[in-house]
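Please keep the structure in view while reading.

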Amino acid sequence: MKASNIKSFFGSAWGRWISILSLFLVMGLGAGLIVFWKGLSVTHLSDLVPWGLWITIDLSSIALAGGAFFLCAGVYLLGLKQYQPVARTATFIGLAGYTMAMLALMLDIGRPDRFWHAIIYWNEHSLLWEVTMCVCLYLTVLVLEVLPILSSFDWLRKHFPVIAEKLEGVHHYAPYLAIVGLCLSMLHQSSLGAIYGVLKARPYWFRPDIAVLFIMSAIAGGMALTVFASMLSARLTKRAVIKDELLDRVAYFVGWIMVAYLYFRFWDALSMTYTYEAGRTEGLNILTSGVLSFNFWFGEMLLGAVLPIIILLRKKTRSNPVLRMIALALIVGGVVAYRWDTNLSGLLVLVSYMPGEPTVRYTMYRPSIIEWIAGLGIISYGLTLFSLGVRYLHVVDHRIYEQERQTAKVESAETATA
Amino acid sequence: MTKRYVMVIDLQVCTGCNTCSVACKQENNLPEGVWWTQVVTLGVNGNDSPAGEYPNLFMDYLPLGCQHCANAPCVEVCPSSATTRTEDGLVIQDPTLCGGCRYCMLVCPFTGVRVFAGETLRYSLPFPTGDNPIVHRPSTVEKCNFCAHRLARGLLPACVEACPMVARTFGDLNDPNSEVSELLRTRPHFQLLVEKGADPSTFYLT
């Protein structure tokens, strides 16, 4: 590359953006290598607080990838064909999110070399086993769903037109992939919450509602991120083209999902306030008036739910693109805050062992600098992937409707058998 | 009839000397920082300091290791089948299968029973001690296994043999003539956190 080329690359907004992301990526890679070399002793995770920042990133990125299965189900199973380009964006974000989750898990488990043990040594009782299997299978589904998107890569089209055509052909199976994706996602998106919800040892978590809340917030957060990312890309680059009325409808729907989520959340929280139970009451106190109270009241409730609901459900405010984007970004933040709070409010409280002596101890957790750097590395990996997708794969392009003819054929075959 | 191995610990005679902890450490060749059994001082953070308000002070001890629950939640949740329960009622953690996800540490009601062994295992002695054939693996979760290797040879667990106060008794609860059955018939006793439904195999005499 000539010197002038390099200069113009770093002079452009794209070049600067990619350079910043690469910086974080390299730092994250370094931190990750330190973790693999030194083990979890470089983190502030302990025997008392074994799950922390990385688990939050893992849960959040899977939740925010939830738009993929929901929108694909809407497009290919409910027949809402006009949303197909939005589902395309969501699918790509889904791939980014699930690979981010995989990276976070690789950092978090003590023996990354044994990540495959769950796949070989089955323990069907374990929710974590079920989640591992579902995530691996769904990642496969996502890769298959992204293959047609790869065919939009101009360079591939030019040099290997046959391969591009083959990749595009995978789209023929989109309805079947949508069914499999829907089943797998309904399973693991909720059982990620149930991982906490079945633990009788931790009274704060032990309730069935967490599974429901996790999947509802994942649907809302996933679609919110998809719409937000599409709108932001369209403002920043000409390569992203959106149809605003589509995103407006999705955003409106997200608003109603958030209402339903808030409703369940309200009864979930309220039901815990009656009678004292050691561990549970303290966990709730930590959330509502303790160290997590700011996160809870502002991050989750006011900014993460109430304000976005008002913005998204009023037509006047929703039609304002800036306000709509703010509302969607706040929902995304609220989902992340919910994952962080759920994990920590159960872990920061320890219940005593002795019978008839319900004493409670408190623990502390603050991520170490290595945890932050590695976590930021994972996040910038996701951003890099999406940015490359927008630039080279036309991930946000609402003019693209893939292979109408083929899906129409599948649909007619289905109706014929029905 | 299958056996159900249980441990009965007499809190009336336990003096908190931690001989059991050291015997366990020696027998199982535990690395630095890893303890499979410990003696908790009740009511305080830390060891060997009295709880309560002066002049009503008390200092009570609770020897704590894996409770080998009959209904062990850790066996249910391990994603890679590293934690299993044998016919005889021993809950065993296999260090060759453990992936280090630490879900069992969350699910266990008895905080402090499980230890996450660090990436570098350091030993105070240049040679392995004890008879346990276990090879400790870095970055896995470890816990007491009721000295399964000793039981196989007809011996008692190391902590039971070592206790100078004879506070620990070990045996088969399904055998009505065993010493543990006799003790539990005649002495008042309790299990930890029965309300969690795990049905621990460690009983405390009061």
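## Fold of chain A

Of the contacts in chain A with a separation of 6 or more, 77% join residues 24 or more positions apart; two residues are in contact if their C-beta atoms, placed from the backbone, lie within 7 Å. The model is predicted, with local features requiring pLDDT of at least 70 and side-chain atom pairs counted only at pLDDT 80 or more, whereas totals for chains, interfaces and linings use all residues. Residues are numbered from 1 along each chain as its sequence is written, while chains are lettered from A and ligands numbered from 1 in the order in which they are written.

Chain A contains 18 helices and 2 strands, taken as DSSP runs (H or I of at least four residues for helices, E of at least two for strands) numbered from the N terminus. Its C-alpha trace spans about 75 × 55 × 50 Å along the principal axes. Of the 418 residues in chain A, 48% are buried, that is, have 20 or more other C-beta atoms within 10 Å of their own C-beta.

## Packing of two helices

Two packed helices are described by the angle between their axes and the distance between the axes. Helices α14 and α16 of chain A have axes that come within 8 Å and cross at roughly 150°; axes are lines fitted to C-alpha atoms over the stretch in contact, and angles run from 0 to 180 degrees between N-to-C directions. Residues that make this contact include A:Phe296 and A:Leu303 of α14(A), and A:Leu330 and A:Trp340 of α16(A).

## Interface with chain B

In the interface, 32 residues of chain A are in contact with 35 residues of chain B. Helices α6 (117-120) and α7 (127-150) of chain A each give two or more residues to this side, and the largest share, 4 residues, comes from α7(A).

## Surroundings of A:Pro85

A:Pro85 lies in helix α5 (residues 84-108) of chain A. This residue counts as buried because it has 24 C-beta neighbours inside 10 Å. Leaving aside residues up to four places away in sequence, A:Pro85 touches A:Asp397, A:His398, A:Ile400 and A:Tyr401.

Notes. Buried ≥ 20, exposed ≤ 12 C-beta atoms within 10 Å, placed from the backbone.
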